[in-house]
Amino acid sequence: MKRRTLFSIIVITLTAGFFTLFYGMHSTWTDTRSAQAVQAATDQVNDLFKDQSHQLPSDQLNKQAIAAAETKLQQARQKANDADHAAALASAQADVDAAKHMLIVKDAVAQNPTKLDELKTLSDESQQALTELAKQKPTFVQTYQKRVAQLSDQEAAVAKIASLFSDTDFKTPKPNLSSAQVQAALAAVEKLDNKQFADQVMPLISTAQDATAGEDSRDTEPSASSVLPSSADSSQPAVADSSSQASSSTASSSESEQSQASSSTSTATSSSSQNP
């Protein structure tokens with residue numbers, strides 16, 4: 001009995017030790033897997049930024065890089081079994097969300113569309129993204145807020161240009177354009193701190209200016225009525241000329257008759273003096 005009891009105790013002790021060892025090894029292995037997954041995910045997130053504080057985006061930031069980071073985070077969550085690991089993953093997810101907003105701003109300021117609706121969308125989305133990043137990424141907001149403001153200026157300039165045209169393609173200037181309207185659009189373009197965009201829209205201003213110049217030339221061209229005299233005006237000199245000619249003819253006839261009469265009188269006097 002004592003031997004059986006001792007044997008049972010030994011077996012139980014060995015079994016307990018085995019399970020303790022197995023559990024410890026399994027726990028250590030699980031913790032290692034979790035730590036490795038979390039490390040891989042955070043490394044992937046780090047690649048989205050150019051600085052350790054994650055305030056500025058990487059030059060290579062794109063949708064594919066963000067998607068890869070999110071995949072790593074999802075895999076790490078499935079293996080994470082520690083509160084510290086969960087906190088690290090939550091912080092990494094916040095950085096991924098911030099990177100999405102940063103990409104919206106980067107893409108917006110890199111474009112130079114001339115369509116008013118496209119500019120409005122880019123301006124609104126980038127302004128909203130900066131608002132989302134204001135507390136978490138103040139360095140990024142400070143770096144990009146001026147360039148986002150330029151988007152608003154570009155939108156205002158294109159709105160001025162759009163008011164000069166009848167179509168959304170900016171090919172047909174509106175009739176009766178005034179020089180003041182064109183000058184207002186030109187001033188809005190000259191205000192832009194984006195030479196590439198200004199060079200892109202200046203031909204549109206030139207098209208509107210040409211249309212205004214053509215309209216002004218038609219307005220200043222003299223009409224036929226201002227060049228040719230009216231029928232009433234032209235008839236008066238004709239009547240006056242006829243009267244003058246008639247008066248002149250009458251005066252000439254009178255002078256001729258008086259001359260003939262004088263000649264006859266002189267002839268008669270001469271005859272009477274010759275015949276006593």
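A residue counts as buried when its relative accessible area is under 20%, as exposed when that area is over 50%, and as partly exposed in between. Keep those cut-offs handy, because Lys115, at 30% relative accessibility, counts as partly exposed by them. One more thing before we look around: the structure above is a predicted model.

**The overall picture**

The protein chain has nine helices and zero strands, so if you read along the sequence by the DSSP runs, you get α-α-α-α-α-α-α-α-α. There are 276 residues in the protein chain, and buried ones make up 26% of them. The chain exposes about 18,100 Å², with carbon and sulfur atoms supplying 54% of that area. Now take the contacts between residues at least 6 apart in sequence: 69% of them join residues at least 24 apart.

**A look at helix 3**

Helix 3 covers residues 83-109, which is 27 residues. From its first C-alpha to its last it reaches 40 Å, close to the 39 Å expected at 1.5 Å a residue. What caps the N-terminal end of this helix? That's Asp82, with a side-chain oxygen 2.7 Å from the backbone nitrogen of Asp84.

In soluble globular proteins, nonpolar side chains tend to be buried together. Here, the largest nonpolar core has 50 residues, and Leu48, Val105 and Ile161 touch the most other members. Helix 1 (2-46), helix 2 (63-79), helix 3, helix 4, helix 5, helix 6 and helix 7 (195-220) each supply at least two residues of this core. Which helix gives the most to it? Helix 3 does, with ten residues.

Zoom in on Leu48. Leaving aside neighbours within four places in sequence, Leu48 is in contact with several residues, including Pro57, Leu61, Ile66, Val96 and Ala99.

Leu133 and Ala99 are 34 residues apart in sequence, and their C-alpha atoms are 9.5 Å apart in space. Is Leu133 buried or exposed? It counts as buried, at 0% relative accessibility. Not counting residues up to four places away in sequence, Leu133 touches Ala98, His101, Met102, Pro138, Phe140 and Val141.

**Salt bridges**

A search of the whole structure finds six salt bridges. Here are some of them, with the N to O distance for each pair.

| Pair | N to O distance |
|---|---|
| Lys50 and Asp59 | 3.2 Å |
| Lys137 and Asp95 | 2.8 Å |
| Asp169 and Lys115 | 3.0 Å |

Take the Lys137 and Asp95 pair in the table.

Next comes the salt bridge of Asp169 with Lys115. This pair links distant parts of the chain, 54 residues apart: Asp169 is in the loop between helix 5 and helix 6 (179-190), and Lys115 is in the loop between helix 3 and helix 4. Asp169 counts as partly exposed, at 45% relative accessibility, and Lys115 is the partly exposed residue we opened with, at 30%.

Finally, Asp59, the partner of Lys50, has a relative accessible area of 55%. Because that is over 50%, Asp59 is exposed.

Key:
Residues are numbered from 1 along each chain as its sequence is written. This is a predicted model: local features need pLDDT of at least 70, side-chain atom pairs count only at pLDDT 80 or more; totals for chains, interfaces and linings use all residues. Side-chain values use heavy atoms; hydrogens and water are left out. Helices (H or I, at least four residues) and strands (E, at least two) are DSSP runs, numbered from the N terminus. Buried means under 20% relative accessible area, exposed over 50%, partly exposed in between (1.4 Å probe, protein chains only). Contact means heavy atoms within 4.5 Å. Accessible areas come from the Shrake-Rupley method with a 1.4 Å probe; for residues, only the protein chains shown count as cover. The expected span of a helix is 1.5 Å times one less than its number of residues. A polar contact is a pair of N or O atoms within 3.5 Å; within protein, one must be able to donate a hydrogen and the other to accept it, and residues adjacent in sequence count only if both atoms are side-chain atoms. A salt bridge is a side-chain nitrogen of Lys or Arg within 4 Å of a carboxyl oxygen of Asp or Glu. A nonpolar core is a set of buried Ala, Val, Leu, Ile, Met, Phe, Trp, Tyr and Cys residues joined through side-chain atoms within 4.5 Å.
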